[in-house]
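Here's a quick tour for anyone opening this one for the first time. Have the viewer ready and follow along, topic by topic.

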Amino acid sequence: MLWQQLLNGLTLGSTYALIALGYTMVYGIVQLINFAHGEIYMVGAFVGLFLVITWDVNLGIAMVGAMAVCMVLGVLVERIAYRPLRGKSSRLSPLISALGASIFLSTLMALIAGVNTRRYPAVVDLSSYSLGPIQVSSMQVVILLVSAGLMIGLQFLVRRTRIGKAMRACSQDLDAAALMGINVNRVISYTFAIGSALAAAGGVMVGVYYNAVWPYMGTMAGLKAFAAAVLGGIGSIPGAMLGGLTLGIMEIMGVAYISSSFKDAIAFGILILVLILRPQGILGEKKNKKV
Amino acid sequence: MPVLELQGVSQEFGGLRALDSIDLQVEQNSIFGIIGPNGAGKTTLFNVITGIYPPTEGRLIFQDQPIAALSSHKVARLGIGRTFQNIRLFNRLSVIDNVKVAANWNRSAGLLASLLGLPSYSREQSQSQEKAEALIDMMGLYAKRMEYAQSLSYGEQRRLEIARALAAVPSLLLLDEPAAGMNSSEKLELMDLIWKIRDDMQLTILLVEHDMHLVMNICEQIAVLDYGRKIAEGDPDAIKRDPRVIQSYLGVER
């Protein structure tokens, strides 16, 4: 029972982690909570669904297609809704613009696809295997493996490549990075593209796993992932991974051992507790105020 | 021939005129000092030159090219490097990555090549690694190249900032109070380093500094700012004798 719940929690947590990474990377560089990020995840789920229905593609191609479309969408959202406001107004304006972008995207999808919940055709053999006392579904295996692969890939990108190092430099001092010849706007575009691709992969997999896709699915998933990013320490990439997994496991445990009606209350209760006890999150760094 | 020329450059913040029609000509391969009391507009001048904010009025010409309207990263890529009054390193990057991240952005291998590890990318990587190591060695930081920048001592951080500013091979280097917080032997080393950089790398140095001993020793030309205006310019001996400079900044020796 416990092991089964742990596995379920890890699966859910991996999807939170994938979305949380986008929040934390963007926050790390431009100190903006990108509230439209949950909607990118939703669009990813729909693009995957569209590809599967129209061309009968397999899950892998559906995911790659969704990631590509969302990369472009994420960059566009930044160009249109955030960049014109950057540096020219208070920090509140981009936040409000983010809320606007979020509402725009979910409403647009509702207009295009209708508000009803759509179901994925069977793209994965939904059988499950018994591993001792636990039941593992094939989709759980896919989610765990793909998430782990994407996160390892992200770590490699951020630690080893030139653009990754530029991203880290920008997150530490944006002005100094520009003065050293780094094209800050380009780095920000890359950051949105990468974060959006991860969210899109999460959207397709969750759509298949729960067999449900609808235009407002990004709202709660986005909030949960944001909570996970804060839990892990916003701005920290390992923090977002850890926060996502922690939140997923705790939520599932709460459902299993307390009550399923407390599901969301548990997730956000944890967020409030963390903010009181450790405002910088599990792996977050305490910011020294610049004088 | 001047490498950098300012013509009537003014900068206003709200109602405050932080720079008031500054004219300046910085000759190629010279060491040019800017001095003046706190709040005279010295750092603002650096910020205007490096494109942090465009000047309210006036023209900036760097190597025959107007740069007043360019953004910071473009100014940097044209060949102006700088350091900061309060050190602004990338603290959680290694010493070598601080230098590499600033090195020559006009390269051919793109993101795809880097992700796929194509030969064009790995060749560039090893070249930039060598250049970065040479720079760090010149600054005496080779043994610490893999450490985080934040773990360096104060003097080492100052040297790393210079190495980072040199990474893109600038033709003009701006040093904002390079000697701040240094003791007298460190200041002597710094003077040697500045001469060495100028001679070895054939570049022009523009520096803001409060330490008069250092300024008078290494600068060939000095401009004095006060309340955003240039009140004097000349070689060190002329500046030392200028009555306006003595009154507003240097003070009277008793």
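Start in chain B with an open sheet of four strands, ordered 2-1-4-5 and paired antiparallel. Keep in mind as you look around that this is a predicted model. Chain B also holds an open sheet of six strands, with the order 6-7-8-3-9-10 and mixed pairing.

- The edges belong to strand 2 (16–27) and strand 5 (65–66) of chain B, each of which pairs on one side only.
- Strand 1 (residues 2–13) of chain B runs antiparallel to strand 2 of chain B, and eight bridges join the two.
- Helix 1 (residues 42–49) of chain B lies across strand 1, strand 2 and strand 4 (57–62) of chain B. Its direction is at about 70° to strand 2 of chain B.

**The six-stranded sheet of chain B**

- In the order 6-7-8-3-9-10, the edge positions go to strand 6 (80–82) and strand 10 (229–234) of chain B. Each has a single partner strand, so one side of each is left without a neighbour in the sheet.
- Going from one strand to the next, the twist averages 20°.
- Strand 7 (residues 172–176) of chain B pairs with strand 8 of chain B in the parallel sense, over five bridges. There, B:Leu173 stands opposite B:Ile205 in strand 8 of chain B.
- Helix 1 of chain B turns up here too: it packs on the sheet and touches strand 3, strand 6, strand 7, strand 8 and strand 9 (221–226) of chain B. The direction of helix 1 of chain B makes about 150° with that of strand 7 of chain B.
- Helix 10 (residues 243–250) of chain B packs on this sheet as well, touching strand 3, strand 9 and strand 10 of chain B. The direction of helix 10 of chain B makes about 125° with that of strand 10 of chain B.

**A closer look at strand 3 of chain B**

- How many residues of strand 3 of chain B are buried? Five of its five are, so to speak, tucked under cover.
- Both faces of strand 3 of chain B are covered, with B:Ile31, B:Gly33 and B:Ile35 buried on one side and B:Phe32 and B:Ile34 buried on the other.
- Strand 3 of chain B pairs with strand 8 of chain B in the parallel sense over four bridges, and it pairs with strand 9 of chain B in the parallel sense over four bridges as well.
- B:Phe32 is a handy landmark: it stands opposite B:Leu206 in strand 8 of chain B and opposite B:Gln221 in strand 9 of chain B.

**Two residues with positive phi**

- B:Asn29 isn't a glycine, yet it has a positive phi of about 70°. You'll find B:Asn29 in the loop between strand 2 and strand 3 (31–35) of chain B.
- B:Asn29 counts as partly exposed because it has 15 other C-beta atoms within 10 Å.
- B:Gln202, another residue other than glycine, has a positive phi near 55°. B:Gln202 sits in the loop between helix 7 (184–201) and strand 8 (204–208) of chain B.
- Why does B:Gln202 count as exposed? Because it has 10 C-beta neighbours inside 10 Å.

**A helix pair in chain A**

- Two packed helices are described by the angle between their axes and the distance between the axes.
- Helix 3 (residues 59–82) and helix 4 (residues 92–113) of chain A pack at an angle of about 130°, with their axes 10 Å apart. That makes helix 3 of chain A oblique to helix 4 of chain A.
- The crossing of helix 3 and helix 4 of chain A is right-handed.
- On the helix 3 side are A:Val77, A:Ala81 and A:Tyr82, which meet A:Pro94, A:Ser97, A:Ala98, A:Gly100 and A:Ala101 in helix 4 of chain A. By class, this contact has six nonpolar, two polar and no charged residues.

**Where the chains meet**

- 18 residues of chain A are in contact with 22 residues of chain B.
- On the chain A side, the elements giving two or more residues are helix 6 (162–172) and helix 7 (174–179) of chain A. Helix 6 of chain A gives the largest share, seven residues.
- The residues on that side of chain A divide into nine nonpolar, four polar and five charged.

Definitions and conventions:
Residues numbered from 1 in each chain as written. Chains lettered and ligands numbered in written order. Predicted model: local features only at pLDDT ≥ 70, side-chain atom pairs only at ≥ 80, totals over all residues. Pairing = 2+ DSSP bridges. Contact = placed C-beta atoms within 7 Å. Axes fitted to C-alpha atoms, helices over the stretch in contact; angles between N-to-C directions. Nonpolar A, V, L, I, M, F, W, Y, C, P; charged D, E, K, R; others polar. Parallel < 35°, antiparallel > 145°, perpendicular 65-115°, else oblique. Left-handed = near helix turned anticlockwise from the far one by under 90°. Buried ≥ 20, exposed ≤ 12 C-beta atoms within 10 Å, placed from the backbone.
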